[in-house]
Amino acid sequence: RDAQESRGLGDVYKRQEETIESILNQTYSNIELIVIDDGSQDRSPEVLKKLSDKHGFSFYQQNNIGLSATLNRGVRLATGKYISVSGSDDYWELNKIEILVNEFERLGDEYALVSGDARFVDEAGNSFKKARNNREFDSVLHFAIEPFDGFNLEIDFGEYETFLQSNYVPVMATLIRREKLLAVGLFDEEFFLEDWSLWFKLSKKYKWKSVSYTHLTLPTIYS
């Protein structure tokens with residue numbers, strides 16, 4: 001293995017640790033962290049096991065079964081009221097869960113999901129903007145809804161018909177009521193765009209709420 005490849009893998013392991021620490025260091029402390037390695041062939045299982053021993057979160061290693069099946073396993077293992085999913089290179093702003101839980105607790109049982117937004121960030125951790133139709137966006141959500149005609153986040157967010165046009169909700173920015181996830185049958189394990197399929201199922205039965213108009217930078221997504 002050459003030095004460049006080793007440095008690249010070292011960056012991957014470092015981002016995994018940063019992701020986990022951003023979850024464990026949330027201002028909302030009542031968090032159950034479940035980490036599942038879906039058949040990695042590098043040193044990720046070893047790195048994650050050491051982090052699990054250090055921080056005390058639940059870690060599971062499995063043969064590769066795919067993203068949707070892995071997410072569903074995590075939901076079934078979870079015991080909490082709400083679910084928030086994260087990739088291995090997402091970074092959560094430290095008040096993400098506090099903001100979303102506080103918002104959820106003000107809403108009725110007809111709400112299945114609340115969501116913030118995500119920023120475009122490069123591998124060095126620097127924010128950047130993406131251009132669309134002569135406008136620049138550092139927000140994943142606002143970049144995605146730019147082509148929509150007259151889209152209002154307070155009114156249109158999470159409406160079933162809007163997902164016919166675009167998969168505009170960044171999954172790592174969401175908090176979902178676990179019982180609603182179970183009620184609609186979890187992530188579709190036969191569909192490639194597992195989050196988009198879930199959005200259709202959840203939006204058909206339940207209400208959604210966006211807080212991105214007041215809290216613009218919650219999780220981070222690497223480009």
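This briefing covers a strand pair with its crossover, one serine, and the salt bridges of the structure. The model is predicted: local features need pLDDT of at least 70, side-chain atom pairs count only at pLDDT 80 or more, and totals for chains, interfaces and linings use all residues. Residues are numbered from 1 along each chain as its sequence is written, and side-chain values use heavy atoms, with hydrogens and water left out.

- Helices (H or I, at least four residues) and strands (E, at least two) are DSSP runs, numbered from the N terminus.
- Four of the five residues of strand S1 (residues 34-38) are buried; buried means under 20% relative accessible area, exposed over 50%, and partly exposed in between, with a 1.4 Å probe and protein chains only.
- S1 pairs with strand S2 (residues 58-62) in the parallel sense over five bridges, where pairing requires that DSSP finds at least two bridges between the strands.
- Aspartate 37 has glutamine 61 in S2 as its bridge partner.
- From S1 the chain passes through helix H2 (residues 44-55) to S2 in a right-handed β-α-β crossover; right-handed means that, with the strands pointing away from the viewer, the path from the first strand over the helix to the second runs clockwise.

**Serine 44**

- Serine 44 belongs to helix H2 and counts as buried because its relative accessibility is 2%.
- Its side chain makes a polar contact with the side chain of aspartate 42 at 2.8 Å; a polar contact is a pair of N or O atoms within 3.5 Å, where within protein one must be able to donate a hydrogen and the other to accept it, and residues adjacent in sequence count only if both atoms are side-chain atoms.
- Apart from neighbours within four places in sequence, serine 44 is in contact (heavy atoms within 4.5 Å) with Tyr13, Gln16 and Asp37.

**Salt bridges**

- There are nine salt bridges, each defined as a side-chain nitrogen of Lys or Arg within 4 Å of a carboxyl oxygen of Asp or Glu.
- Glutamate 93 and arginine 119 form one of 2.4 Å, N to O.
- This pair links distant parts of the chain, 26 residues apart: glutamate 93 lies in the loop between strand S4 (91-92) and helix H4 (96-105), and arginine 119 in strand S6 (residues 119-121).
- Arginine 119 is buried, at 17% relative accessibility.
- Lysine 180, buried at 7%, forms a salt bridge with aspartate 109 (3.2 Å, N to O).
- Lysine 180 also forms a salt bridge with glutamate 179, with the closest N and O atoms 3.7 Å apart.
- Arg43, Glu46 and Lys50 are linked in a network of salt bridges.
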